[in-house]
Amino acid sequence: MTEAIKNQIDFDVRAFAEMLTELPARTPIASRFEDADPQKDGHWWASQREHMIFFFMDRLYPEVHYRKNLAPRKVNLSAREAYNRIKHAEALVWIAEALHVLPDDKLESLCHDALKIERNKRPKFFRDQGLDWDVVAPHARHRPELLGREQASSVLKESSDKINCSKLLLVSHRR
């Protein structure tokens, strides 16, 4: 593992979710973006904040699945990995706006451009345009809820692997 990867900014998903609870439930740009092209199949959350808190906390529970025929997911303690798995552009916009990652006019312009792209390609578009984890994380790092709680990605991966290994042993002993 390279030193760069070993020392990337990361947080435990629980700490990151805790930080999200302190952000505004709705932000104006993200709300307009979401309203401009709402999800066709509806959604269960009342706000992107609620959606993202559950999304990050859900990384701790590998047995929970909302879709049929999925293989069990492994525990993931890395907020970096979880963030990089977000498939809803609206959530990326909300996080960016709530953390003041980009100036409002730049974020509005990106949202306008994103509406011209297929929904499933929008998350990649936003990440490519400056909303990737390495840009977002430093803005989160300075939130009071995360001060002193930064961890190396490699440490979180090792901790996740230990949990997954012990769960595997537990399951094999039950059979």
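Reader: Which residues in H4 and H6 meet each other?
Author: On the H4 side they are Gln48, Arg49, Met52 and Phe56, and they meet Glu90, Ala91, Trp94 and Ile95 of H6. Keep in mind that this is a predicted model.

Reader: And at what angle do H4 and H6 pack?
Author: About 105 degrees, with the axes 10 Å apart. Angles from 65 to 115 degrees count as roughly perpendicular, so H4 is roughly perpendicular to H6.

Reader: Ok, Glu97 next. Is that one buried or exposed?
Author: Glutamate 97, which lies in helix H6, is buried, yet has no salt bridge. The nearest side chain of opposite charge is arginine 32, 5.9 Å away.

Reader: Then what is it in contact with?
Author: Leaving aside neighbours within four places in sequence, glutamate 97 is in contact with Thr27, Pro28, Ile29, Ala30 and Leu107.

Reader: Switching topic: which residues touch the most other members of the largest nonpolar core?
Author: Phe16, Phe56 and Phe126, out of 47 residues in that core. Helix H6 gives the core its largest share, 8 residues.

Reader: What does Phe16 touch?
Author: Not counting residues up to four places away in sequence, phenylalanine 16 touches Phe11, Phe56, Ala79, Trp133, Ala140 and Leu146.

Reader: Last one: where is Val75?
Author: Valine 75 is in the loop between helix H4 and helix H5. With a relative accessible area of 6%, valine 75 is buried. Its C-alpha atom is 9.6 Å from that of lysine 157, which is 82 residues apart from valine 75 along the chain.

Terms used: Residues are numbered from 1 along each chain as its sequence is written. This is a predicted model: local features need pLDDT of at least 70, side-chain atom pairs count only at pLDDT 80 or more; totals for chains, interfaces and linings use all residues. Side-chain values use heavy atoms; hydrogens and water are left out. Helices (H or I, at least four residues) and strands (E, at least two) are DSSP runs, numbered from the N terminus. Buried means under 20% relative accessible area, exposed over 50%, partly exposed in between (1.4 Å probe, protein chains only). A nonpolar core is a set of buried Ala, Val, Leu, Ile, Met, Phe, Trp, Tyr and Cys residues joined through side-chain atoms within 4.5 Å. Contact means heavy atoms within 4.5 Å. Lys and Arg count as positive and Asp and Glu as negative; His and the chain ends are not counted. A salt bridge is a side-chain nitrogen of Lys or Arg within 4 Å of a carboxyl oxygen of Asp or Glu. Axes are lines fitted to C-alpha atoms, for helices over the stretch in contact, and angles run from 0 to 180 degrees between N-to-C directions. Angles under 35 degrees count as roughly parallel, over 145 as roughly antiparallel, 65 to 115 as roughly perpendicular and the rest as oblique.
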